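Open the model in your viewer and keep the selection tool at hand. We will go helix by helix.

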Amino acid sequence: MSLPVTRISMAERSHRLARLVADQLAERQQPDGTFEQHSFYAPAFAAALWAQLDPALYAHQIEVALSALEAEQQTPRYHREFIEYGLRQIPGLSDERLNAILRTAPTQSPDVANWQVLGMINRYLSLKNGAGKNRKLINWLHWAFIRMRYWRTPLFWDRRGCFSGQYHAFCAALLTDSPEAAHSIIAAKANALIAKLSGDHGYANLLGRGAGQSFGAVCALYALSEHGFQTQADAVLFRLENAFLTTGTLPLNLFSTADLPDDPGPATPKTPGWYSYNRHDDYLAFAGYWLLKIATTPTAPRPQPTTPKLKAAPIAIFSNATYQAQMCLGGKRSFDLTPCPVVLSGSGTTTTLLFAPTGGEEDAPSLYGPASIPLPATSDGKYFAQIRKASRTKNTVRINFKLAGVSGERTITFEDTQITITDKIAAKCNLLRLLVHHDVKLVQTTKQQLHAPDLGITFKADRNLVIDETNHFTAAGSARRVVALNSDHVTLRICWGTDDV
């Protein structure tokens, strides 16, 4: 019999992780207060973590971190909102010192939900220190703007029309921490969706920008634990603990077992889930802060809330005893949409990632260009399909795409022990191009059949299949590609168990 999940045990586990992170940050801190790799907000969150954990023990680290922030050049990429939020979590930090650090740096205020919510929360925190009535009015108007522009019950957009599990979780965590009643109402609804995404496997942010990153995991953990989703919170905490045990740190991406290299980027394949603005020390300090908050925030026991229905939501979740599949059906860029479902086989701590999150940023070169998206491509490798529309009817998802000027369709049907994927297009090309995670052993048993023996999964097609072992990358690392070469139609059934129908 397993031990019951209690708030105390989660608090102790979170505190232990927070202490490990704090000590690691102290080791990584340079004499001038900065960190080994360039960071945007690590000194602010590290100082907040150290000051709340043990201000006497980490007094020197706190002081040199603040000095580094005072000396920092405020470039156009200066993360004002994140730095201010971290500083406001340092007990006893004077307004004079805070203002000396922030100086005249403007807010970034990009058109994304998490930055907007963060800016609003910072303004709210300043109100507690006696800011004027005008700021209260501005905050009320800002909240109304956030509700109108980004909130679509039960989810926050990342950017308008685009969903990210990671940044939805960050918005939920910030609003969960707010004492404002209006924020609490929205936070409760947002957290119910996080619980549905997390299930009992503990991967809270598999969809959209930032898939698999520790940033979203710690936000989800805090939000879930505060709203009474103890089973889901325990699963997320297990993933964080397991990542630390495996890597000796909290990696930027929880699916990565390799240390982050000194030169992360597209030239370094050991950088799964990396975007150009990601920094390991930023995420490490950010995670430590939220882990300590989980450990030290008192929460009264709450009944298990209900999870939401998603009939009109632009995301689809299919869960049963065999697998969980998640998809984003709307978005603007490759990392927003899910042409192949993210599929987790099994349940609980033994859950295995079958089809990993794909895509990545396009603002800078990355490992995840158009060729990495699991959609059809021309046989010569010059053209790759682009999604035009995605829709859902009950247990079926339809994706319309265009490849080299020719329209095609992908249909995905989800059943209890089977997922069926059909590609059709009026031209000969390479179909499917599905990416199976590198941890899954895949064996070709016949020309039209593959087997994953460790998972009891069989791939059965009506066309010949090829396993392409060339370096392919997902947000969870390398993968092998399953392709139906030079075809205009293919139906693939992914079957759990021994059904040979």
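Start with the buried residues of α11: Gln230, Gln232, Ala233, Ala235, Val236, Leu237, Arg239, Leu240, Glu241, Ala243, Phe244 and Thr247. Buried means under 20% relative accessible area, with exposed over 50% and partly exposed in between (1.4 Å probe, protein chains only). Helices here are DSSP runs (H or I, at least four residues), numbered from the N terminus.

This is a predicted model: local features need pLDDT of at least 70, side-chain atom pairs count only at pLDDT 80 or more, and totals for chains, interfaces and linings use all residues. Residues are numbered from 1 along each chain as its sequence is written, and side-chain values use heavy atoms, leaving out hydrogens and water.

Stay on α11 and select residues 230-247. Step just past α11 to Gly248, which takes a positive phi of about 80 degrees.

Next, select α4 (residues 80-87) and α5 (residues 95-102). They pack at an angle of about 160 degrees, with their axes 11 Å apart. Axes are lines fitted to C-alpha atoms, for helices over the stretch in contact, and angles run from 0 to 180 degrees between N-to-C directions. α4 and α5 are therefore roughly antiparallel. Angles under 35 degrees count as roughly parallel, over 145 as roughly antiparallel, 65 to 115 as roughly perpendicular and the rest as oblique. Show the side chains: Arg80, Ile83, Glu84 and Leu87 of α4 make the contact with Leu98, Ile101 and Leu102 of α5. Contact means heavy atoms within 4.5 Å.

Now move to α10 (residues 214-226) and α12 (residues 280-296). Their axes lie 9 Å apart, at an angle of about 10 degrees. That makes α10 roughly parallel to α12. Residues of α10 including Phe215, Val218 and Leu221 meet residues of α12, among them Phe286, Trp290 and Leu291.

Conventions
Helix = DSSP H or I, 4+ residues; strand = E, 2+ residues; numbered from the N terminus. Expected span 1.5 Å × (residues − 1).
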